[in-house]
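Student: I should like to learn how to read the features of a structure such as this one. May we go through it step by step?

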Amino acid sequence: MKRTMTKEEQFNTDNANEAATSQEKVKPENSAEISESLESTAENKISEVDRTSQEAIVATKHRLERAKTYYELPSEKTEEILTNGGFKEQITSTNDQITSLADSTKEKILNVAQIMRSGKEKIHAMYSAGQKESPEYQALSSVLMKKEGGKNTWKTENEVDVDTIKKILDTAESPKSELQSIATKERTLEKPELLSEKEASKKFLGDERKKLAEDIRRERKLQRDRLSALKTTAENAAISTENIESGQEDNRYGRILESQSTEANELAKRVSSSELSEQDAQDEEENISQLIASGENIKSLKAKLEEHYTKADAMAKERFDTLNRSLEHVMRRNNAFIVHKIVERDELRHNANSNVSGKTTYEDDVDILLALEPSVSASSATPGEKTKLWPGASGFLLGGGQIGEASSHDAGTHGEGIKKRGRENSSIEAIDDVVGRKDKGSRQQHEKDYERFGQNIMNEVVVNNPEVFGFFQNAEVDESGRFWAYDLDTREQSEKVGKEYGYRELLKGNVNNYRQRFSVANERGIPLFIMTEDRKVYECLGVNDDGTVEVGKQITPEEIAIGRAGLSAEKRKQLGERLLEKKIFKSQKTQEEARKIIGSL
Amino acid sequence: MPEKPTKKHSVEELDKLYQEYQKNLLDLRKQQDQIVANFIEALKQESIKELRRKFETNND
């Protein structure tokens, strides 16, 4: 009789077949059950804890009872001393502490055994789910498994580091959508601070600063040595010249010591022509020439130092501006998302403003943004406020990049090549006015306008080098709190399924498209979200056949600002190379620019 | 030279947990011993007081 293999049998078959491959990818042959010796060791320890803790409590109780009889006091008196002296209370307290110590120790012991068990069960589950390539599987298997006689087997408990297993499990079990694997990069957010010249010099030009300091130290030392030699020579000359008063010479030496450049030159002429002998004067002139030379070196170093600090100051200002116009800080300051929609309507996508051919697919559009990080047009959306955005069911929540031009309405910017779009950069204040919807003078004024019109118009900000935080699709929540794909039309379609002709297919098609878009982003490791009409963003955990969407926690602009964003260079390169092969750009020049961007990764 | 961090293997971890428990239990048992000793001392003092009182009553 033909029957299909159970999962366990499949395991063993796979294991035998894959015996020669790396152990990280292969399921071990033996069971996931925790080994008997660890289980029995844990049980023994727990019994010992129970026994010894009870023994301690009972032994004290007996000693106390015996003590009561030592002095033949009346039992009422003994009880009175026991209670009023606080002894009863103290004994009860230590008994409680012993019980609590025993309980917490037993729990810790069980945890150790449980961590091992959970690690092994996780390996089984991931293997069954076809997740052998995932980092968690590989990390767990390298901790828990080993190769013995060509076969993969569990390590013994003495070979396993439980802390590492716990860390891996904690990471793997941190809340995230069951739909996806995340490939975006971790980031740290730098606080914008305008540094002083000195601080900027230390932070941005450390090597140059160090070199300059060394040069200055060297020159000072050289000058000091030369001055010292000069003074000795001049003193010797003064002793040998009978006609000169020592006081006058001291003054002269002092002037020599202080002389720089032209002053020193003048002095040299005077020295040679008067008091000193011909030979001494010649030596002196030579020394003073060296002094002049060293003075000039110092001057040149001073110029270099000024140049260095000017450069550091410019860098500090540029860095301050860069940080302030970074998407992360703009989002945080203004509590707003920055979104880039993907247009699917033929008449709008890749029109004359676009430098990409109209033949590109949805997947290509996604890959262009992820791989090339081109300058794009985006809009801001404040959570809780209905806001018009560029049409389209889906888009990206941008998490990184730099804001260039900002406009409170659709500015109709167009790209020049890949990395340039729009006119000159707007000031930080102008960006905040647009993104924070304060362009009517104040946030309060904006709130009045919002109350009057019921929604915000679409604004436009150019984002250079955009990094993607997540991918979202439109969704709407109904009065019962259920979320529906696209909008509440989906609920209507869902309700008419089975009642009116054609709705089953219509809903199925729409749900499939919804899933398909998520699948494109998911395949690229981009986290998935939904965005409601009033621009609230939630994690998307799944899409149901009836058109409802399972959502997780609500996401704030702040969380995006400090969250992961952008793909690794390796992943971008992989996506970019596919685009280059497809030759999707309208001009050869843009194709070359794309090639350079991908080549530089 | 800095010590290499030691890995906690499961059985070692169980031993370590048990040893830590024993140490803490010993401390608590010492506390109990002290409480019982203090109680005995209190009984002793009360007994002496009682004897003295009896002695004084007998001599009145």
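Student: How many of the residues in chain B are buried?

Tutor: This is a predicted model, and in it 20% of the 60 residues of chain B are buried. Chain B contains one helix and zero strands. For chain A, 31% of its 601 residues count as buried, and that chain has 20 helices and 12 strands.

Student: What confidence does the predictor attach to the two chains?

Tutor: The general idea comes first: where pLDDT is low, the predicted coordinates should not be read in detail. Chain A averages a pLDDT of 80, with 78% of its residues scoring at least 70. Chain B has a mean pLDDT of 81, and 83% of its residues reach 70 or more. The model as a whole scores ipTM 0.85 and pTM 0.55.

Student: Where does pLDDT stay under 50?

Tutor: In chain A, one such stretch is residues 1–34, for which the model has 44 contacts beyond four places in sequence. Another is residues 270–275 of chain A, with eight such contacts. In chain B, pLDDT stays under 50 over residues 1–7, and the model has one contact beyond four places in sequence for that stretch.

Student: Which elements of chain A have the lowest and the highest mean pLDDT?

Tutor: Helix α1 of chain A, residues 7–17, has the lowest mean, 38, whereas strand β7 of chain A, residues 460–477, has the highest, 96.

Student: Let us turn to the interface. How many residues of each chain are in contact?

Tutor: On the side of chain B, 27 residues are in contact with 40 residues of chain A. Those residues of chain B comprise 13 nonpolar, seven polar and seven charged.

Student: Is B:Ala42 buried or partly exposed?

Tutor: B:Ala42 is partly exposed, because 19 other C-beta atoms lie within 10 Å, whereas a buried residue needs 20 or more. B:Ala42 lies in helix α1 of chain B, which spans residues 10–59. Leaving aside neighbours within four places in sequence, B:Ala42 is in contact with A:Ile81 and A:Gly85.

Student: Which helix pair within chain A is roughly antiparallel?

Tutor: Helices α19 (residues 569–582) and α20 (residues 588–599) of chain A have axes that come within 10 Å and cross at roughly 155°. An angle over 145 degrees counts as roughly antiparallel, and α19(A) and α20(A) are therefore described in that way. The crossing is left-handed. On the α19(A) side, A:Lys573, A:Gly576, A:Glu577, A:Leu579 and A:Leu580 take part, and on the α20(A) side, A:Ala594, A:Arg595 and A:Ile598. Four of the contact residues are nonpolar, one is polar and three are charged.

Student: At what angle do helices α16 and α17 of chain A cross?

Tutor: The axes of α16(A), residues 489–496, and α17(A), residues 503–523, cross at roughly 140° and come within 8 Å. The two helices are therefore oblique to each other, in a left-handed crossing. A:Thr490, A:Gln493, A:Ser494 and A:Lys496 of α16(A) meet A:Tyr503, A:Leu506, A:Leu507 and A:Asn510 of α17(A). This contact has three nonpolar, four polar and one charged residue.

Student: Why is helix α13 of chain A described as largely enclosed?

Tutor: Eight of the 11 residues of α13(A), residues 362–372, are buried, so the rest of the structure largely encloses this helix. Among the buried residues are A:Asp365, A:Val366, A:Ile368 and A:Leu372. Just after α13(A), A:Glu373 takes a positive phi of about 45°.

Definitions and conventions. Residues are numbered from 1 along each chain as its sequence is written. Chains are lettered from A and ligands numbered from 1 in the order in which they are written. This is a predicted model: local features need pLDDT of at least 70, side-chain atom pairs count only at pLDDT 80 or more; totals for chains, interfaces and linings use all residues. pLDDT is the predictor's confidence in each residue, from 0 to 100. Two residues are in contact if their C-beta atoms, placed from the backbone, lie within 7 Å. Helices (H or I, at least four residues) and strands (E, at least two) are DSSP runs, numbered from the N terminus. A residue is buried if 20 or more other C-beta atoms lie within 10 Å of its own, exposed if 12 or fewer, and partly exposed in between; C-beta atoms are placed from the backbone. Ala, Val, Leu, Ile, Met, Phe, Trp, Tyr, Cys and Pro count as nonpolar, Asp, Glu, Lys and Arg as charged, and the others, Gly among them, as polar. Axes are lines fitted to C-alpha atoms, for helices over the stretch in contact, and angles run from 0 to 180 degrees between N-to-C directions. Angles under 35 degrees count as roughly parallel, over 145 as roughly antiparallel, 65 to 115 as roughly perpendicular and the rest as oblique. A crossing is left-handed if the near helix is turned anticlockwise from the far one by less than a right angle, and right-handed if clockwise.
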